[in-house]
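Subject: Structure handover and findings

Hello,

Here is the structure for your files. My notes on it follow below.

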Amino acid sequence: MADTGRDRQLQKSPNRGSNQIAVRSYNERLILQLVRRHGNLTKPEASRATGLSANAVSVIFRALEDEDLLIREAPLRGQIGQPSTPMRLNPDARHYFGLKIGRRSADLVLINFVGVVLSSISIAYPYPMPDDILEFVKTGTRQLLKDTRMTRKRVFGFGIAMPFEFWKWTDETDMPRDAMDEWRTVDFPALISQIVPWQVEVANDATAACGAELTFSMSDETQDSIYIFVGTLVGGGVVLNGSVFFGRSGNAGGFGPLRVPFGPEGANRLIDHASLFVLERMLREAGCEAADLLADPGLWSAHADIVDRWLDRAALAIAYAIASSLSVIDFEAVVIDGSFPEDVRSALVSKVTSAFFAMDLRGLPIPSISAGRWGAIARAVGAAALPLNESYSINQNTLLRH
């Protein structure tokens, strides 16, 4: 059979299978991950991409189909030999809840196996408190199950995306320090486990957002990338070897503290320029109501001059952060997302690109720079992806550490 561009793309995958029965679970995860990244996969394509024998691939496809994880598409006809039947993920195979706890709001989503948000609910608050979030989860899960006419048995996990160490950033976010101290001693995932019957996973909020982009948007070709998420505080994530790299403390890719070569003393970090709290302060200084702007996407254009000044400032800081990161690892791609309207995100990506290419880039690899897919809901979707990936994906970085 003639080699195709798709074949060459599949064969670039760094993950190779094993024909040993003892690692069947790894091979099944590998096949599922390839199907997820490429949309569908035939048995011959799977065999070429993984190095597995045709018989091994047939056994895996049959097992995954028996579990309703994969479903058949129409056979591909018009080729030499027997027609191949592509397999794709079954959207209804599994469902997951994702909870984002932010500094200004919380989001709860219910997604299917391919990342489609079936229903969502949100609340806003001056600052987050554990008891309020727990009540939101109790009422929210019931509401979303009712909205989607879904039983608890069809849900297979609950993910939490939240900033680690709420109490360390009270000055920047104007949150009361004594109230935020309550988060120091609370084991919030354990509290969630007491009120929901599902597997519970937790990650830093921006790292989870990176996971949403990788799981449901990135192609199999992108192995090493930077993900930057602009929220109340700017953060992000790192993808290495095609998997999210969490790091020793779970905060890998927390770009906020990265130094940039401008700003007054004590305000020369990325967080001091590319965070939404900076825009809030700029709006208040101009006599505008920041809370209304950040809650209503339609109001951003009403303050376009202030937003544009903040975008210039944020873009330059992000460009410096990208350049610094590229001096450590030769990332192929940079993805930028955040809690703002799509046109603002596009403007930020454009300005970051211009600022980056205006720099002295000698000695640095040149990555692609693009906008993320999910926007404000990325962290909640990434939270829902945590239990999904724990059960059905391969983390190459974890494998390499053993």
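**The sheet around E8 and E11**

Strand E8 (residues 225-230) and strand E11 (residues 333-338) run parallel and are joined by six bridges. Two strands count as paired if DSSP finds at least two bridges between them. Helices (H or I, at least four residues) and strands (E, at least two) are DSSP runs, numbered from the N terminus. Ile-226 has Val-334 as its bridge partner in E11.

Before the rest, the ground rules. This is a predicted model, in which local features need pLDDT of at least 70 and side-chain atom pairs count only at pLDDT 80 or more, while totals for chains, interfaces and linings use all residues. Residues are numbered from 1 along each chain as its sequence is written, and side-chain values use heavy atoms, with hydrogens and water left out.

E8 and E11 belong to an open sheet of five strands, ordered E10-E9-E8-E11-E12, with mixed pairing. Strand E10 (243-244) and strand E12 (368-371) are at the edges with a single partner strand each, so one side of each has no neighbour in the sheet. Helix H14 (residues 342-357) lies across E8, E11 and E12. H14 runs at about 165° to E12. Axes here are lines fitted to C-alpha atoms, for helices over the stretch in contact, and angles run from 0 to 180 degrees between N-to-C directions.

Ala-333 is a residue of E11. Ala-333 counts as buried because its relative accessibility is 10%. Buried means under 20% relative accessible area, exposed over 50%, and partly exposed in between (1.4 Å probe, protein chains only). Leaving aside neighbours within four places in sequence, Ala-333 is in contact (heavy atoms within 4.5 Å) with Thr-222, Asp-224, Ser-225, Ile-226, Pro-367 and Ser-368. Pro-367 is 34 residues away along the chain, yet the C-alpha atoms of Ala-333 and Pro-367 are separated by 4.7 Å.

**The sheet around E4**

There is another open sheet of five strands, in the order E5-E4-E3-E6-E7. Its pairing is mixed. The edge strands are E5 and strand E7 (200-204), and each pairs on one side only. Neighbouring strands of this sheet are turned by 15° against each other on average, direction ignored.

How much of strand E4 is covered? Six of the seven residues of E4 (residues 105-111) are buried. Strand E3 (residues 95-101) runs antiparallel to E4, with six bridges between them. Leu-99 is bridged to Leu-108 in E4. E3 and E4 form a hairpin with three residues between them. Strand E5 (residues 117-124) is also antiparallel to E4, with seven bridges. Leu-110 stands opposite Ser-119 in E5. The hairpin of E4 and E5 has five residues between the strands, and Gly-115 takes a positive phi near 90° there.

Strand E6 (residues 155-162) and E7 run parallel, joined by five bridges. Ala-161 is opposite Ala-203 in E7. Helix H9 (residues 188-195) lies across E3, E6 and E7, at about 150° to E6. Helix H10 (residues 205-216) also packs on the sheet and touches E4, E6 and E7. The direction of H10 makes about 105° with that of E7.

**Helix pair H11 and H13**

The axes of helix H11 (residues 276-285) and helix H13 (residues 304-326) come within 10 Å and cross at roughly 140°. From H11, the contact uses Leu-276, Val-278, Leu-279, Met-282 and Leu-283. From H13, Ile-306, Val-307, Arg-309, Trp-310 and Arg-313 take part.

**Arg-269**

Arg-269 sits in the loop between E10 and H11. Is Arg-269 buried or exposed? At 15% relative accessibility, Arg-269 counts as buried. Its side chain makes a polar contact of 2.8 Å with the side chain of Asp-272. A polar contact is a pair of N or O atoms within 3.5 Å; within protein, one must be able to donate a hydrogen and the other to accept it, and residues adjacent in sequence count only if both atoms are side-chain atoms. Not counting residues up to four places away in sequence, Arg-269 touches Trp-169, Glu-172, Gly-256, Pro-257, Leu-258, Arg-259 and Val-260.

**Whole chain**

The chain has 16 helices and 12 strands. Of its 402 residues, 53% are buried.

Best regards
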